[in-house]
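Subject: Structure handover

Hi,

Here is the structure for your files. Please load it before you read on.

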Amino acid sequence: MAQLWGGRFTGETDQMVYEFNASITFDKRLYRQDIEGSVAHVKMLGKQGILTEQETDAIVACLGEISADVEEGRLEITPEYEDIHSFVEANLIKRLGDTGKKLHTGRSRNDQVALDMRLYCRQEVAETDALLKGLLTTILAIMEAHTETIMPGFTHLQKAQPVTLAHHMGAYFEMFKRDRQRLSDICERMNYCPLGSGALAGTTYPLDRQYTAELLGFYGPTLNSMDGVSDRDYLIEFLSACATIMMHLSRFSEEIIIWNSNEYQFVEIDDAFSTGSSIMPQKKNPDIAELVRGKTGRVYGALMSLLVTMKGIPLAYNKDMQEDKELAFDAMDTVKRCIALFDGMLSTITFRKDRMRASAALGFTNATDAADYLVNHGVPFRDAHGIVGRIVLFCIEKGIAIDEMSLAELKAISPVFDQDLYEAVSMETCVNKRLTIGAPGKEAMEAVIAAERDYLKHHPAISVSRRGDGGQPQIL
C-alpha cells in the first residue's frame, strides 16, 4: 500500500478499508492534471526560494519523465497506490530520493485534488463546447439547404401550421447555442485556482498563489482557502449544463425516432447509424437516437448524486467529496459520445421532402390561413373559425386537403370564398407570408441563417491559454 500518511498510525489499515477508501481506480485519469499542477507548484516554490534552482529543475524534469512514461505505457498506474497523488509522488521519490520528498511542500491533497478536478473539468468543458459547435455547424448546413422544404409544425404532437425544415432545425440551433453560452459562463466562474489553500487554512510558506494561477491559465487564486478546498459548485454547474444538453439531444432524438417511423417516413437514417432486428428482417431501427434518449437519465443521475452528496457537508473538506468523480466522469464521457454520435447520425440523414410536404397538406396545417382569408374578407374571426372547422370535417370525410376542394364545394359552406383562396392557402404562401424575425418565411429564415453563420464565425470553441511567463491568461 503506497500511502502519503502513516506516521500517526501504528497498525496496518484493514485491506477492505483501504480498498474502500482508495480512489486510484477512477482518479487515475487525472494524472495529466496532477502532474501539470505539480510542475506549476514546484516552479512557484523555486521562484519563491523555498526550493533551490537545482531541486526545482530536477523535480520538473522528473515529473516530465513520469508523464511521458505513463503516456507511452512504460509506467502503469496500479491499485497499489491509494490515489493519483500517491502514485505521482511515490514514483518521484523512487527516482529522486529526498529531493522528490520536497514536492509536497506547502500544499495538501485537499487543494491538490481540488485543482486537479478544476483543470480536468475546464478541459472537459472545452471539449464539450467544441463538439457542440460541430453539431451546430451540421444543423446550420441543414437549415441552409432546406429553407423551402415544407413540413408540418406541431403542438400537442398534432399538426398545427406549416413551417420549413430550416425553421424546425433552427429551434434546435437556438437550444444548443444556449448550451454553449452556459458552458462559457461556467468556464468563467471556475477559472480560479485553489492551489495554495492547503488543507483548509493556507500555509505558513511564502507562496505566490497568483503566479501559480497564471502558470496554469487561471485568472487568479481563489480568495478563501476553506471554500477553495470544498467548492464543487463548478462541477454541479457543469453537470447541470450536461443534463440540459442531454435534454435537448433527447428531445431531438425523440423527433428523429418519430420521423423515422413507418407512419411518418420523414427521414431515412443512414445504415451506419441504425441497426436491424434479429428476427424481423424488414426492420431498420433508430438505435442511436434511442440510446441518446436513454442515456439522458444516466447524466441526470450524476447531477442528482452530487447535489445529494454536497447538501449536508460542513466546511471544509470531507471524504464524501471523493464521490464527486466516478459518476461525473461517466456523465462527461456520455455527453461527449452522445453529441458526437448524434452529429454523425444527423449529418448523414436523408430528409424525405415529399413526405413532409404531403403531411403538412393533409394535416390541414393551412386551416388558420383559411380562417384569416375569411377575416380579411369581412367575416368575424369566431364565425371564420367555425366555417373552416366545417371545411376540415368535409375534407376528412372525403380524404382530401383544403386546396383540393372545388370552388363550388367551398362556396356551399361560405359564399365569401373565391378563386384567390387557393393561392392564399397554398403551403408556400402560408409559410412565406410569415416574415417577422423568427418566423419560417424564406426571407426571415435567410436573415436568421446569416446571423447564425456570423455567430459560429465569431464564437470559436473554448480554449484556455497557459502563460508560463506569469502573463495574464485568457479564456479564448
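Below are the ground rules, then the overall picture, then some local spots.

**Ground rules**

This is a predicted model, so local features need pLDDT of at least 70 and side-chain atom pairs count only at pLDDT 80 or more, while totals for chains, interfaces and linings use all residues. Residues are numbered from 1 along each chain as its sequence is written, and side-chain values use heavy atoms, with hydrogens and water left out.

**Overall picture**

The protein has 19 helices and 6 strands. Both are DSSP runs, numbered from the N terminus: helices are H or I with at least four residues, strands are E with at least two. The radius of gyration is 30 Å, well over the 23 Å that the globule rule gives for 476 residues, so the protein is more spread out than a compact globule. That radius is taken over C-alpha atoms, and the rule is 2.2 Å times the number of residues to the power 0.38. Along the principal axes, the C-alpha trace spans about 100 × 55 × 40 Å.

Of the 476 residues, 52% are buried. Buried means under 20% relative accessible area, exposed means over 50%, and partly exposed is in between (1.4 Å probe, protein chains only). The accessible surface comes to about 21900 Å². Carbon and sulfur atoms hold 53% of that surface. Areas come from the Shrake-Rupley method with a 1.4 Å probe; for residues, only the protein chains shown count as cover.

Now contacts, meaning heavy atoms within 4.5 Å. Among those between residues at least 6 apart in sequence, 75% join residues at least 24 apart.

Charges next. There are 50 positive and 68 negative charges, and their mean positions are 1 Å apart. Lys and Arg count as positive, Asp and Glu as negative; His and the chain ends are not counted. The place of a charge is NZ of Lys, CZ of Arg, CG of Asp or CD of Glu.

Most residues other than glycine have a negative phi, and most peptide bonds are trans. Here are some exceptions to check.

- The peptide bond from Leu 315 to Ala 316 is cis, with omega near 5°. Ala 316 sits in the loop between helix H11 (287–310) and helix H12 (326–348).
- Leu 157 is not a glycine, yet has a positive phi of about 60°. Leu 157 is exposed, at 54% relative accessible area.
- Gln 265 is not a glycine either, and has a positive phi of about 55°. Gln 265 is in the loop between helix H10 (233–260) and strand E5 (267–268). Gln 265 is partly exposed, at 29%.

**The E1–E2 hairpin**

Leu 157 falls in the loop between strand E1 (150–155) and strand E2 (158–164). The two strands form a hairpin with 2 residues between them. His 156, in the turn, has a positive phi of about 55°. E1 and E2 run antiparallel and are joined by 6 bridges. Strands pair if DSSP finds at least two bridges between them. Gly 153 stands opposite Gln 161 in E2.

The contacts given here leave out residues up to four places away in sequence.

Ser 108 lies in the loop between helix H5 (84–96) and helix H6 (109–145). Ser 108 is buried, at 14% relative accessible area. Ser 108 touches Gly 198 and Ala 199. Gly 196 is 88 residues from Ser 108 in sequence, but 8.3 Å away in space, C-alpha to C-alpha.

Thr 222 is in the loop between strand E4 (220–221) and helix H9 (225–230). Thr 222 counts as buried, at 9% relative accessibility. Contacts of Thr 222 are Arg 118, Tyr 192, Cys 193, Pro 194, Ser 197, Arg 209 and Gly 228.

Leu 410 belongs to helix H16 (residues 407–413). Leu 410 is buried, with a relative accessible area of 0%. Leu 410 touches Ile 391, Met 405, Phe 417, Leu 421 and Tyr 422. The C-alpha atoms of Leu 410 and Ile 387 are 9.9 Å apart, with 23 residues separating the two along the chain.

Best wishes
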